[in-house]
Amino acid sequence: MKAASSHGSTSTRADSPVDDLAIRFVNTAAWRLRSEIEERLPSPAELLMWLQSNGLLSKDQRTSLQRVWKQNEDVARSLYGSAIALRELIYNLLSARIDDRAPAEADVAAFNNFLSSHVHSAGIAWRAGEYGWEVPSSQVSRTSLLMPIALSAAELLTGVRASRIRQCQDDRGCGWLFVDESRAQNRRWCSMGDCGNRAKAQRHYQRAKRQRMASENS
Ligand SMILES: [Zn+2]
């Protein structure tokens with residue numbers, strides 16, 4: 001199943017193609033440009049649900065992992081911590097690209113450290129007419145679970161679409177990232193149905209207000 005995201009947590013974006021895995025993961029933190037971000041993965045259990053709905057775990061794998069994690073909270077916390085750390089690392093690397101500046105050396109080193117561990121523990125599988133990631137149940141580990149996300153980020157950062165990565169220009173601090181696939185390369189918002197609509201309504205309101213003031217002054 002492919003999961004898209006929107007500010008309403010369950011609806012899908014009708015106006016944009018499904019984002020890269022890395023971007024979907026980074027956007028599990030909403031309202032990044034506000035002083036307090038909204039964490040959409042507040043617990044290890046929510047992380048597992050996300051991994052399942054983004055095709056990185058089967059339902060059986062998720063439920064059995066959840067059982068293991070219930071008995072061993074340290075394992076759960078450690079994997080959860082790694083996932084969130086990886087997410088923030090990817091955000092930092094993508095942000096540097098968006099801003100055309102060099103990333104922090106420590107971020108690159110930490111990301112490479114992640115990439116170089118057990119690359120081969122995740123593979124692809126043919127399921128219901130599509131390729132998807134598959135982590136063998138016997139090899140479920142921190143790196144095998146998160147590796148597809150790291151690889152998606154590496155590909156995005158080094159690929160032909162890197163110059164099209166953007167951050168939503170919503171003035172409330174949305175902060176979601178997206179890849180601008182528009183021909184004109186002028187997409188400004190994460191979603192036309194959400195931040196884009198609001199900006200349009202705002203412009204409309206400002207224009208009407210200016211017109212009203214102009215007619216009152218004339
Ligand atoms: Zn937005």
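Let's start with Ile149: if we leave aside its neighbours within four places in sequence, Ile149 is in contact with Leu21, Ala22, Phe25 and Leu86. Contact here means that the C-beta atoms of two residues, placed from the backbone, lie within 7 Å.

A quick word on what you are looking at. This is a predicted model, where local features need pLDDT of at least 70 and side-chain atom pairs count only at pLDDT 80 or more, while totals for chains, interfaces and linings use all residues. Residues are numbered from 1 along each chain as its sequence is written.

How confident was the predictor? pLDDT is its confidence in each residue, from 0 to 100. The mean pLDDT of the protein is 85, with 90% of its residues at 70 or more. Please be careful with residues 1-5, where pLDDT stays under 50, and with residues 9-15, where pLDDT also stays under 50.

Now the overall layout. The protein has seven helices and six strands, and from the N terminus on they run α-β-β-α-α-α-α-β-β-α-β-β-α. Both kinds of element are DSSP runs numbered from the N terminus: helices are H or I with at least four residues, strands are E with at least two.

Back to Ile149, which is among the residues with the most contacts inside the largest nonpolar core, together with Ala22, Val26, Leu86 and Ile90. That core has 43 residues. At least two core residues come from each of helix H1 (21-26), helix H2 (44-53), helix H4 (73-98), helix H5 (105-115), helix H6 (142-158) and strand S6 (177-179). H4 gives the largest share, ten residues. By nonpolar core I mean a set of buried Ala, Val, Leu, Ile, Met, Phe, Trp, Tyr and Cys residues joined through C-beta atoms within 7 Å. Buried means that 20 or more other C-beta atoms lie within 10 Å of a residue's own, exposed means 12 or fewer, and partly exposed is in between, with C-beta atoms placed from the backbone. In soluble globular proteins, nonpolar side chains tend to be buried together. Of the 218 residues here, 28% count as buried.

Let's follow H6. This helix has 17 residues and reaches 24 Å from its first C-alpha to its last, close to the 24 Å expected at 1.5 Å a residue; the expected span is 1.5 Å times one less than the number of residues. H6 also has a kink of about 35°, centred on Pro148. That bend is the angle between axes fitted to the seven residues ending there and the seven starting there. Pro148 and Ile149 are among the buried residues of H6, and those buried residues pack against H1, H2, H4, H5 and strand S4 (130-134).

So which strand lies largely in the open? That is strand S3 (residues 123-127), because the number buried among its five residues is zero. S3 pairs with S4 in the antiparallel sense over five bridges, where pairing requires DSSP to find at least two bridges between the strands. Arg127 has Glu130 in S4 as its bridge partner.

The hairpin of S3 and S4 has two residues between the strands, and there Ala128 takes a positive phi near 50°. Ala128 counts as exposed because it has 5 C-beta neighbours inside 10 Å.

Finally, look at Asp100, in the loop between H4 and H5. Its phi is positive, about 55°, although Asp100 is not a glycine. With 7 C-beta neighbours inside 10 Å, Asp100 counts as exposed.

Definitions and conventions
pLDDT is the predictor's confidence in each residue, from 0 to 100.
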